Every structure is written in structure tokens, then in C-alpha cells.
Amino acid sequence: DGFPDGNVPPVLASFKDTPFARELKKELKVAGFAEPMPIQAHGWPLILTGRDCISIAKTGSGKTLAFLLPCFARILRDKPEPSESSNGLDEIFQKAKKDL
């Protein structure tokens with residue numbers, strides 16, 4: 001499988017290079033993140049193309065954010081409309097379960 005045409009997505013070495021929404025980039029900056037960790041810079045391009053990505057790294061290397069940020073970006077992009085019997089959280093969790 002892999003990338004038969006050899007077109008491996010480029011590494012996202014800077015948050016400005018990522019396709020994430022401005023509000024996510026702003027929150028990353030507020031939280032003190034200066035640039036993506038290596039596992040994020042290499043993982044996001046694969047994950048964002050819809051490919052599977054298996055990563056092994058030490059604690060504190062950024063694995064959780066590497067996995068969650070694309071999920072958050074997709075939830076923000078697709079913004080489910082809340083139903084009359086919900087505040088919108090049910091729809092977000094249903095969307096997140098599909099992505100997991």
C-alpha cells in the first residue's frame with residue numbers, strides 16, 4: 001500500500017504550515033507551543049490525508065496532540081448542528097467516535 005506514486009506529504013515543521021483553523025493555531029500559541037514536535041510534524045501530514053499512522057515515541061513527545069488535533073480540526077470544520085434535545089455535545093462525541 002503506502003504511497004505507490006512516491007508522493008509522501010511534506011513535513012509540517014511550523015504551525016503556520018498546518019491547515020488547522022486559526023482558532024486552533026491561536027490556542028496552541030496561548031498554550032505555549034512554539035512549533036510542532038517531530039512526531040506531530042511527521043504524523044499530521046499522513047493523518048490529514050486520511051491514512052493510518054502508527055507512531056512510537058517516549059512520554060512527553062507529543063503523541064496525544066498528534067492524534068487529537070486532527071480530530072479537533074475535523075470537528076470544528078464539520079460543526080454538527082445541535083438537535084432540539086441536545087446542547088451539541090452528543091453530536092460532537094458521535095463525530096469523534098467515528099474518527100477514532
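Guide: One term before we start: contact means heavy atoms within 4.5 Å. Also, this is a predicted model, where local features need pLDDT of at least 70, side-chain atom pairs count only at pLDDT 80 or more, and totals for chains, interfaces and linings use all residues. Residues are numbered from 1 along each chain as its sequence is written, and side-chain values use heavy atoms, with hydrogens and water left out.

Visitor: Okay, how many helices and strands are there in the protein chain?
Guide: The protein chain has four helices and zero strands. Helices here are DSSP runs of H or I with at least four residues, strands are runs of E with at least two, and both are numbered from the N terminus. Read from the N terminus, the order is α-α-α-α.

Visitor: Which helix has the lowest mean pLDDT, and which the highest?
Guide: Helix α4 (residues 89-99) has the lowest mean, 56, while α2 has the highest, 93. That score, pLDDT, is the predictor's confidence in each residue, from 0 to 100. Over the protein chain the mean is 82, and 77% of the residues reach 70 or more. Where pLDDT is low, the predicted coordinates should not be read in detail.

Visitor: What covers the buried residues of α2?
Guide: The cover includes α3. The buried residues in α2 are Ile39, Gln40, Ala41, Gly43, Trp44 and Pro45. Buried means under 20% relative accessible area, exposed means over 50%, and partly exposed is in between (1.4 Å probe, protein chains only). Of the 100 residues in the protein chain, 28% count as buried.

Visitor: And just after α2, what does Gly50 do?
Guide: Gly50 takes a positive phi of about 90 degrees there. Arg51 sits in the loop between α2 and α3 and is partly exposed at 30% relative accessibility. The C-alpha atoms of Arg51 and Phe3 are 9.9 Å apart, although the two residues are 48 apart along the chain.

Visitor: Switching topic: at what angle do α1 and α3 cross?
Guide: The axes of α1 (residues 22-30) and α3 cross at roughly 145 degrees and come within 10 Å. Axes are lines fitted to C-alpha atoms, for helices over the stretch in contact, and angles run from 0 to 180 degrees between N-to-C directions.

Visitor: Which residues meet there?
Guide: From α1, Glu23, Leu24 and Leu28 meet Leu65, Leu69, Phe72, Ala73 and Leu76 of α3. By class, that contact has seven nonpolar, no polar and one charged residues. For the classes, Ala, Val, Leu, Ile, Met, Phe, Trp, Tyr, Cys and Pro count as nonpolar, Asp, Glu, Lys and Arg as charged, and the others, Gly among them, as polar.

Visitor: What about the segment before α1? Which residues does Thr18 touch?
Guide: Not counting residues up to four places away in sequence, Thr18 touches Leu12, Lys25 and Trp44. Thr18 lies in the segment before α1 and counts as buried, because its relative accessibility is 5%.

Visitor: Last one: how many salt bridges does a search of the whole structure find?
Guide: The search finds one. A salt bridge is a side-chain nitrogen of Lys or Arg within 4 Å of a carboxyl oxygen of Asp or Glu. Here Lys16 pairs with Asp17, the closest N and O atoms being 3.5 Å apart. Lys16 is exposed at 66% relative accessibility, whereas Asp17 is partly exposed at 39%.
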